[in-house]
Amino acid sequence: MAVMRYVTGAFDTGQQDPAQVGWKPRGGAEVPVTRALGTVWAVGFEDWETSVEAAPDGRAELVTVGCCLAADAERSEALAQTGAGRWHRAARLPGSYLAVVRDGERVYLAGDRAATVVVHWLLDGGTVLWSTSAVALAAYRQCEPDLARALAAFAVRGVDLLGEHSCFTGVNRVPPGQALVLEPGRAPRTEPLPSAGPLDFMAGAGLLEERLTVAVERRALLPGRLSADLSGGIDSSTLTALAAQFTDLLAVTYTDRHMQDEDDGVYARRIAADYPAITHRIVHGDTEQVRQFDGLTGLLPVTDSPSLSVGVLAVKGAQLAPVRAWESGAHLTGRGGDDVLDAVPTAVLDLYRTGRRVEAGRRLAAFARERRCSTAAVLRQAHTTLRTPYGRALDALADTICGRAPLDRSQLVAPWESLSWCGTLPAAAWLTRDGRAQVAALLAPPPGSETGPAQLHERLFLERMGEEHATYDQIARQLFQVPIHAPYLDNQVVDVCHGVPGWQRRVPSDFKPLARAAFTGRVPGYLLGRRTKTAMTRTVTTGMRANAPIIRALFNTSLLAGAGLIDPRSARTALEAALRGEPAALACLHYLIATELWLATIPTGRDTWWEPNEEHEEITW
């Protein structure tokens, strides 16, 4: 098994007899922390990625593992703030990392709000076992994957399917934006980090320029050389242009016969030509003889959850080959740009709630024109969403799923449905009666539900992107030895962008105005003025057709079907429609492929993940 990067630890609460800790993570390096913090191991991390610092009086302690980009002064200030009771400052330093903070006897464990780093935990007697890997804890406890949550991920939308649950039954998850709190004599609990306050548009643009520049500049100082995706879109091109102002770098553009005549290549070549520091490589999928869904029968990497990146393994291998030869220490991607620079469709409803109803009505009409759908349907859906509480919307969705009528989602989601709280996706039509019941049982609003649909949707989309980035990074490191970085998903960048109201980040007949306000003068104006976005439909269907026998075989041995949750005939019907070039639920099919592969290959044997700890005489499993 390729090494998966993760951090794990044990903390004795003293509430019961402590577990006999006769194990340690296989291949783990113990992090030198004080006894009050417990025991911590890091697996697969370089020495420079782990930092431990304690206050002179010993009261406060700060451990970061991962890509923490804080300068020494920033780290020292965060440690001082911890001693003053403001421990959360240590969890919001530049970069993307795990923060372990001790304030006296109390310990806080925090990932990030984008879910690129997530803390999981379980109890073993009076000992809390925690980890940034859910599958590592699942292997320890011999927990099974949660099939209903895996299925619901591509059957319904607008639903917080995880919350305090992981992809494994029996393994708890700390929701992004919260911390796990551990202290002697008390049960583990979670505590929310303070949220960043709202920002004026221009103030947010100024902070975005500052913080994204820091995120890129400090990554240029990491060991190894720098590289970047250069798709030609605003997100990746902005990162590449910023990076070229600090160091020489390799920029890689992927294309194929369907994409080569689109605008992406034109913009990518122009950006590369404008910056002498950029060495540009164009990787052509047809020349490299790679397509989407190639490589599904090879050795698959290990991830905590199903990853869409398994559908592009061969493509990513070709794209990252020159990056590996470049000996890149950090490969930048524009992942997350859409989630922070743009906004969700329901942001227009927040504009309505501010009292600017006429402007909101104009924007809804523009929304209908852009998507060539009925203005009346758009206005009707907006009105329904505004007057329906989230809990009631979830109840209605559960009733729909459990109803006797067939869930006919043969058609794609209508444009106006993106303005609703929640709903079904085309894959809902594949559910069996038992599958419907299990998905419906998950539809309950979490405690402290969001005040509006835009806040909910923005968080869910951000966390889904963060999860996908985390799995891609694991895949790229395991298969290609390339570390993947997504600066747009750094806490400090997310805080700034999401502090600007969504209806200011998404404006009719404009595209990512926040990026233009932030980076005018820093990156070329022609890039910030771009309005087009390349569709990938033909690239996806070409790869799906080429690998149809393998995908059909996967559906014929479906584990979800074997568990009685989906009707494989319905899924195969959708697949055949896609192969014929008919309008089809390509995203749902992709998720089903990824989920089936993950379920079939995820290693949960305890000996795969854990080894005896020779420092302890008694070993208890």
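**Exercise 1. Which residues in H11 meet which residues in H12?**

Before you start: this is a predicted model, where local features need pLDDT of at least 70, side-chain atom pairs count only at pLDDT 80 or more, and totals for chains, interfaces and linings use all residues. Residues are numbered from 1 along each chain as its sequence is written, and side-chain values use heavy atoms, with hydrogens and water left out.

*Solution.* 
- Step 1: find the helices, which are DSSP runs of H or I with at least four residues, numbered from the N terminus (strands are E runs of at least two). H11 covers residues 357-370 and H12 covers residues 375-386.
- Step 2: look for contacts, meaning heavy atoms within 4.5 Å. On the H11 side you'll find Leu364, Ala365, Phe367 and Ala368; they meet Thr375, Val378, Leu379 and Ala382 of H12.

**Exercise 2. At what angle do H11 and H12 pack?**

*Solution.* 
- Step 1: the angle is about 130°, and the axes are 9 Å apart. Axes here are lines fitted to C-alpha atoms over the stretch in contact, and angles run from 0 to 180 degrees between N-to-C directions.
- Step 2: sort the angle. Under 35 degrees is roughly parallel, over 145 roughly antiparallel, 65 to 115 roughly perpendicular, and the rest oblique. H11 and H12 are therefore oblique to each other.

**Exercise 3. Is His498 buried or exposed, and what does it touch?**

*Solution.* 
- Step 1: check the relative accessible area, where buried is under 20%, exposed is over 50% and partly exposed is in between (1.4 Å probe, protein chains only). His498 has 15%, so it is buried.
- Step 2: list the neighbours, leaving out residues up to four places away in sequence: Arg113, Asp339, Val340, Glu458, Leu462 and Arg505.
- Step 3: zoom in on Asp339. Its backbone oxygen lies 2.9 Å from a polar atom of the His498 side chain.

**Exercise 4. How many disulfides does a search of the whole structure find?**

*Solution.* 
- Step 1: a disulfide needs a pair of cysteine sulfur atoms within 2.5 Å. The search turns up zero.
- Step 2: The nearest cysteine sulfur belongs to Cys167, 12 Å away.
- Step 3: Cys588 is buried, at 5% relative accessible area.

**Exercise 5. Where is Phe293 found?**

*Solution.* 
- Step 1: look in the loop between helix H7 (285-288) and helix H8 (313-325).
- Step 2: Phe293 isn't a glycine, yet has a positive phi of about 75°.
- Step 3: check burial. Phe293 has a relative accessible area of 0%, so it counts as buried.

Methods:
A polar contact is a pair of N or O atoms within 3.5 Å; within protein, one must be able to donate a hydrogen and the other to accept it, and residues adjacent in sequence count only if both atoms are side-chain atoms.
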